[in-house]
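Here's a quick briefing for anyone opening this structure for the first time. Have a look at the model, then work through the notes below.

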Amino acid sequence: MGIFIRNAHVITMDGITGSGPVVRSIRIEDGVITAIGSDLHPVDGDRVIDGRDRLVSPGFVNAHTHSWEMFYKARYDNLPLELWLAQAYPVLGDSRVEPELVRLRSTLFAIESLKAGVTTVVDDVLENPGQDWAQLSAVFDAYEEIGIRANISGHVISKPYLDTLPFAAEYLPESIVTELRSRSVPTADEYLDFSRKAFEQYHGWGDGRLRYMVAPSAPQRCGEDVLVGATELARRYGAECHIHVLETKTQLVTGTEMHGKSLVSYMHEIGALSPNTTLAHGIWLTEDDMAMVADAGTSISHNPISNLKLGSGIAAWRKLRDAGVNLGLGTDGCSSSDSPRMLDVVKTAALLHKVTTPDFTAWPRVDEVLRAGTIDGARTAVLQDTVGSIEVGKQADLVIYDLETMAFTPRQKLDHQLVYSENGSSIETVIVAGRVVVDGGEVTTVDEAAVRAELNERLADIIAWQDRLDADNSVLTGALTRMYNRAMSAPAPIDRFSGDERAWLV
Ligand SMILES: [Zn+2]
């Protein structure tokens, strides 16, 4: 049995009509879009959806997120990345999450994502203090059941914590330095063996919806053997290699301190930039860095809300686009941006860069931000031939919006209203791989009330655990603040803050 959507307003994001709405019927069979046109008819047995007052668009691709943060939603504020990380990803104390809680966390995250029209998530599963097989399996199990599409990482930090930051060790008492240095980290062979096993077991799971991706945490957090080995594995399996690069000015200073050059130059030299690689954030890149990224065919996930929340800076949207870098959009995790709603990110991307230059011809356009949220995001995930646009032969990952809502009243330009007026409350139906996973605004594949009840039963324990970890890790705050201030005061060839960064340190 197929699905037939009759005469809807459709944003295809294909190469012909792009983001401009057109009236079309769409037929879906066996998970795939089999026909699009203005003179189509359903086949007997099809579920027919009347598209008269409906807008259909490709599901959003969240090009960078971390489901780990689901339990940390809105817990912290006014902390820059390095201080926030030491709370949300604690380095001291017992931070391991049991696989059954990983599964609950992943299910909650997927429910919220699907109801917000996000059909693909690039979930960089950063487990603390490290990730084991049972935890990875729990994410695959949760996403298989709920029906979302995902790239799911094995994430690795292969350097001791204090070797990933400049200056911090100088400011910590000897006892804490010793304790931090005593913690073991995985070797390159351990991580690459884990990843080979994950590719064999899970790559293409859930009828192809679920894929494994490698994720060396960042160039300053992993050795060259991990960075190069992960890049090679991603290319061999046609998968994504996902890595955090130059999110903060501290990381720009880290490149100088560790290598005497930018972290992008370093990656270029060792062969860790590739068309399968996506850099998360990419804010503090010089124009030389941008040229290297573009030449390598490497993508960037732009995460403007997270970058605002953590005060990381403003990525150079237009310069990156002009350099030829493919840009996707991501929410980042639910602690650094507090929501997996891609519509918020698309709108913020459209707005934020308008105040960075009076040259209004350089401001992001609606078609560009919609591309970044769909087809270009799919390219960051190495899924450009699978999803991201409504085209015959592609997987049927679609969102159907009710146009009889205030966000679309009066009907002016539906694509502009999708970006600037809609917040997800008009979402009626979400389809992933031809399966209706949200119907009438509700998830169909799991019992949301039961999942929330399970969370509520466990919530007191989860918060007590987080409180203990916050207390354990508060000993790092003073040293990290001194490190941060020193990095912010360092001279830099570029400035990605909206004002004079030194002025706000006085
Ligand atoms: Zn991240």
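A crossing is called left-handed if the near helix is turned anticlockwise from the far one by less than a right angle, and right-handed if clockwise. What you're looking at is a predicted model, where local features need pLDDT of at least 70, side-chain atom pairs count only at pLDDT 80 or more, and totals for chains, interfaces and linings use all residues. Residues are numbered from 1 along each chain as its sequence is written. Helices (H or I, at least four residues) and strands (E, at least two) are DSSP runs, numbered from the N terminus.

- Two packed helices are described by the angle between their axes and the distance between the axes.
- Axes here are lines fitted to C-alpha atoms, for helices over the stretch in contact, and angles run from 0 to 180 degrees between N-to-C directions.
- Take α2 and helix α3 (residues 133-146): they pack at about 35°, with axes 8 Å apart, and their crossing is right-handed.
- On the α2 side, the contact (C-beta atoms, placed from the backbone, within 7 Å) uses Pro99, Val102, Arg103, Ser106, Thr107, Ala110 and Ile111.
- The α3 side brings Ala134, Gln135, Ala138, Val139, Asp141, Ala142, Tyr143 and Ile146.
- Sorted by class, the α2 and α3 contact has 10 nonpolar, 3 polar and 2 charged residues; Ala, Val, Leu, Ile, Met, Phe, Trp, Tyr, Cys and Pro count as nonpolar, Asp, Glu, Lys and Arg as charged, and the others, Gly among them, as polar.
- Helix α2 (residues 99-115) also packs against helix α16 (residues 448-473), at an angle of about 135° and with the axes 10 Å apart.
- That angle makes α2 oblique to α16; under 35 degrees counts as roughly parallel, over 145 as roughly antiparallel, 65 to 115 as roughly perpendicular and the rest as oblique.
- The crossing of α2 and α16 is left-handed.
- Leu104, Thr107, Leu108 and Ile111 of α2 meet Glu448, Val451, Glu454 and Leu455 of α16, giving 5 nonpolar, 1 polar and 2 charged residues.

**Helices α7 and α17**

- The axes of helix α7 (residues 249-259) and helix α17 (residues 477-489) cross at roughly 80° and come within 9 Å, which makes α7 roughly perpendicular to α17.
- Lys249, Thr250 and Val253 in α7 touch Tyr484, Ala487 and Met488 in α17.
- That contact of α7 with α17 splits into 4 nonpolar, 1 polar and 1 charged residues.

**The core and what's covered**

- A residue is buried if 20 or more other C-beta atoms lie within 10 Å of its own, exposed if 12 or fewer, and partly exposed in between, with C-beta atoms placed from the backbone.
- A nonpolar core is a set of buried Ala, Val, Leu, Ile, Met, Phe, Trp, Tyr and Cys residues joined through C-beta atoms within 7 Å.
- The largest nonpolar core holds 146 residues, and Val56, Leu114, Val139, Tyr143, Ile152 and Val346 touch the most other members.
- Setting aside neighbours within four places in sequence, valine 56 contacts Ile5, Ala8, Val10, Ile26, Gly51, Ile390, Leu398 and Ile400.
- Helix α12 (residues 342-352) is mostly covered, with 9 of its 11 residues buried; among them are Val346 and Lys347.

**Spots in the loops**

- Arginine 209 sits in the loop between α5 (188-202) and β9 (210-216), and it's buried, with 23 other C-beta atoms within 10 Å.
- Not counting residues up to four places away in sequence, arginine 209 touches Arg149 and Ala433.
- The C-alpha atoms of arginine 209 and arginine 149 are 4.8 Å apart, though 60 residues separate them along the chain.
- Glutamate 170, in the loop between β8 (149-156) and α4 (174-182), counts as exposed, with 12 C-beta neighbours inside 10 Å.

- A cis peptide bond joins asparagine 128 and proline 129, with omega about -10°; proline 129 lies in the loop between β7 (118-123) and α3.
- Threonine 409 and proline 410 are also joined by a cis peptide bond, with omega about -5°, and proline 410 is in the loop between β14 (398-402) and α15 (414-420).
- Asparagine 7 isn't a glycine, yet has a positive phi of about 50°; it's in strand β1 (residues 3-10) and is partly exposed, with 15 other C-beta atoms within 10 Å.
- Histidine 281, in strand β11 (residues 277-281), has a positive phi near 85° and counts as buried, with 29 C-beta neighbours inside 10 Å.

Definitions and conventions:
Two residues are in contact if their C-beta atoms, placed from the backbone, lie within 7 Å.
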